Each structure stands twice: as structure tokens, then as C-alpha cells.
Amino acid sequence: AKMAAAASELLTGWCLFGLALLAILIFCWVYVRKYQSRRESEVISTITAIFALAVALISSALLPVDIFLVSYMKNPNGTFKDWADANVSRQIEDTVLYGYYTLYSIILFCVFLWIPFVYFYYEEKEEDDGNTCLHVKSALKYTLGFMTVCAVLLLIGAFVPLDIPNKKNSTEWEKVKLLFEEFGSSHGLTALSFSISSLTVIGMLAAITYTAYGMSALPLNLIKGTTSAAYERLENTEDIEEVEQHLLRIKSKCRDGRPLSSRDRRSVQQLEERLRTLRRRERHLESIEKSWWTKFCEAIRPLKIVWGVFFIIVALLFTVSLFLSNLDKALHSAGFDSGFIILGTNLTNPLNMLLPVLQTVFPLDYILITTIVMYFIFTSMAGIRNMGVWFFWIRLYKIRRGKTRPQALLFLCMILLLIVLHTSYMIYSLAPQYVMYGSQKYLVQVRLPFAFLLDQCIVTRTYLFLHKFWFFSAAYYFGNWAFIAVFLIGLIVSCCKGKKSVIEGEVDEDDSDMSDDELSVYYP
């Protein structure tokens, strides 16, 4: 009967997983279709963006699943369940581990091969609409550079062992044999771990740039709202009249046949471009003012404020917990050479205090950890959408509703893939003991060494994966301090800024008049 109940619970779990997967795919399709340009949309880039975004979301869901499985194998009194013997436990651990490696291998494939190839293919296609074979060859040529970087990372991870026996009398051949033995014993998984950890460092930089800003901008934008479409339209009409009068004054100078000076001609050209932009704004504002979506958003304005307050509370909880966790590592860890790893917690933080309380009522703790993971992802999306895609100080692409180029969507999905890799370490920094053991309890009445705890409880695969290389852990530690600093700066900037325009980012001077053809799709 117990086995049947366990099988029934697992079947229910798989059904929920299937529904969650379907929901993720639907969300990805809607999100990509919402932002992609209708005039420049391509089938391959659309499928690639949807697939990459789905992989990012599915990968982010692995952490709650990992924590749930190690907790599910034990009873509340600390004993293992009848079906969770050593072999079954090992099989579950291996299944989760290979699930990580499978998804992370897909991420490597997307980041180093598929997304770069599709990106460069469309870059070549835009420059020349000629032979498709030439476009493919050119795209492969540029993609080869990404593949070379991936190969180098795999080789470094595979053939540079972390612990090399110090034998003074060993020959060079014996050292080479040792490298190959280590590679064979790990079946190349260490190589994959090193490559993923390298990408995680890049994801850390992306999280510092986009997620930290998104965590401050998204809640405050919801709370402050946007300016009224009617008010903006009135201001825009006044601007149009002012520009038209200025144009008339300049053109009146040539009524007697005299040509305009070069300065006046430049002024006329600038004013005409400004007038075209203002008229596009007029059409957008008119469409928004009449749309049912605007009326719906006005009706749910109180709900947006509630969501904004909730998001800012989560962001502050996240930041305070991260600060206390990092401070604990600074004060009590073994230092830089150990990657600032700390066993247990000496300084508690709000999240560490909240999770044990929620563990008493299933499944509140899993709901909270899943909420934090998804919040991390969606604030990253908000940060990328608000800032656009940057390469240092150069803005490469804008992310705009219905006008985003295929290349920009590919960049967005690649950035999200990298940020997702860093999510697990961020959650570990917030609640280290919970990420290691979940809600497991052990049958010990007296204080025993930490090693005994390892024998009594099952460690999540996430923890083992995160701490395979100490130097990456050290980089993540310093990255957490940078994340906190950028969040606080973004919070101050967002508080000082006024309300956003109701057509923020929708109309730019470099847009063509053809872009207005897509208005009816979004503002019915």
C-alpha cells in the first residue's frame, strides 16, 4: 500500500511537471510573439528564441525540484521512508544530476553554437539577400570562434585536475596518464562543469547589470504607473504646433527667392525629422487612448500598486538576506583560497528564518523558493527590456513591443540563459543550509561533527555542482557585493525618476513610418 501511495504521488508529480512544461512553452511563445517585429520576423529565429527561453525557464525550475526530492526521501522524524533505500536514493540523486548536465549541455549548445549561428546568418542575410549557401558558410565561419572558445573551456576543465599528487620522481608520461585517467574517471563531467561555471561568471555579470536594475525598476514602475495618454497627447499637440510655427518662420526667409543658408537648411531638416516623430507619437497616443487595453489597465491600477509593493518587499528581503549571508562569509569563512565556503550559518537572515517556519506547512517553503527563482527571472526580463542590449558603453539593440529585431531577441534569450546559470548560486547565498538539505531532519540528540550530518542527510546535487571549483565560488562572492551595490544605486535612480511615458520606448526618431502599421495589433 505504501509503495502504491508513493507511485501515485510520483505520477501526480509527473503530471504537474507536464502541465508546468506546457505552461512554460505557451508563455515563451506569447512573450516572443509579443516583442518580435512583425515585419522582420523569421521562422528559425522565432523557434530558436522560444526554445532558448523555454530551456532557461525549465533550468531555473530544477533547483526547487532538487530540494523537494532530497526532502521527500525522509520522514518528518528524520528516518528514511521505506522505499528510499540506498539504491533508490542513489538513483534519484543520479537522475537529478544527469538532469542538470542534460539541460546545461543544451545551454552550452545554444550559447556556443545554435544562437550564434542563427544570429550571424540573419546578419549576413540583411547585408545581402543573395545565395543562402553563402550566408550559411559565413555564419558557420563566425560561429567557429564560439565553438573554439567552448572547446578550450572543455579541455581546461577536462585536463587540469584540481588535486594533482605531488610526486617528485614521476615522469612526464606518468603525469599525462594521470590527466587522461582523471578525464576518464569523471566521464568528462568535470569538463562540462568547468565550462558551465565559466558561463556562470558571465551570467553573474549579466545579473549585476540587468537583474539588479530590474529588481528596483519593476516594482517602482508598477507603483508609480504611467502618465495619462490624454495629457501626453495634449502636450504633443502643443509641440507639433510649436515646431510647425518654427518651420514657417524659417521658410518665410526665402519667399523673395533668396536661398536658405546652410545653417537654416540644417535647422529645417532637423525640425522636419522632429515633426515626423511628433506625428508618429500622435498616432500612437490616439490609438492608446481609444484602446480597450488602456481602459483595462486603468481598472486594475490598484492591483498593480499591490503587486509593486509586494515586489519591492521581495527585493528588499532578497537584498538584506544576501548582505547578511555575504557578511557571514566575510567574517567566518576560511577565506579566498576556499572560495569563501562556509558550513552552516553564524549570522541568520530573514529568508533563513522564514523557510524553517514555512517547512511546517507543506508546500509553503517550495512555493516561496519557486517564487524567488521566478522573481529573479522575470526581473531579469524587465531589466533587459528597460535597458536594451549593451556591449560595454555601446547600445546594440532595443527591446520594444512588436518592434524587436530577431537578433535582439536572440541576444535577450542568450542573456537569460546565462543569468539562469547564476540563479542557483544566488539562491544558495540567500539560504545555504536550505539549498544543501531542504527540509531534512536527522536522528541525533547531541551535537556531533558536521561530517556526521553528511552521513545522515542527502546533499542536493545543486550544492555539489556549485562548489566544484573554489575560484569560481570566490568570484561569485565578490559578485554578490557588486549586485547589492548596483541594486541600491538602481533603487535611488528609480525613486528620483518621474512617471514613465505611456508610450515609453515605442516611438524613436530612427523609426520609419512603416512601423505604425503594427499599431492595430497592440492597441485595438
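In the predicted model, the axes of helix H2, spanning residues 43–60, and helix H14, spanning residues 406–430, cross at roughly 15 degrees and come within 9 Å. H2 and H14 are therefore roughly parallel to each other. The handedness of the crossing between H2 and H14 is left-handed.

On the H2 side, Ser 45, Thr 48, Ala 49, Ala 52, Leu 53, Val 55, Ala 56, Ser 59 and Ser 60 take part, and they meet Pro 406, Leu 409, Leu 410, Cys 413, Leu 416, Leu 417 and Val 420 of H14. Classified by residue type, the contact of H2 with H14 comprises 12 nonpolar and four polar residues, with no charged residues.

A further segment is annotated in the sequence record. An unreviewed UniProt entry lists residues 261–288 as "coiled-coil region". In the model, the chain over residues 261–288 is 96% helix and 0% strand, and the C-alpha atoms at the ends of this segment lie 41 Å apart.

The mean pLDDT of the chain is 76, and 77% of its residues reach 70 or more. Residues 164–170 have a pLDDT below 50, and this stretch has four contacts in the model beyond near neighbours in sequence. The pLDDT is also below 50 over residues 175–180, a stretch with seven contacts in the model beyond near neighbours in sequence.

Note on methods
Residues are numbered from 1 along each chain as its sequence is written. This is a predicted model: local features need pLDDT of at least 70, side-chain atom pairs count only at pLDDT 80 or more; totals for chains, interfaces and linings use all residues. Side-chain values use heavy atoms; hydrogens and water are left out. Axes are lines fitted to C-alpha atoms, for helices over the stretch in contact, and angles run from 0 to 180 degrees between N-to-C directions. Helices (H or I, at least four residues) and strands (E, at least two) are DSSP runs, numbered from the N terminus. Angles under 35 degrees count as roughly parallel, over 145 as roughly antiparallel, 65 to 115 as roughly perpendicular and the rest as oblique. A crossing is left-handed if the near helix is turned anticlockwise from the far one by less than a right angle, and right-handed if clockwise. Contact means heavy atoms within 4.5 Å. Ala, Val, Leu, Ile, Met, Phe, Trp, Tyr, Cys and Pro count as nonpolar, Asp, Glu, Lys and Arg as charged, and the others, Gly among them, as polar. UniProt positions are given in the numbering used here, feature names are shortened, and annotations may be inferred rather than shown by experiment. pLDDT is the predictor's confidence in each residue, from 0 to 100.
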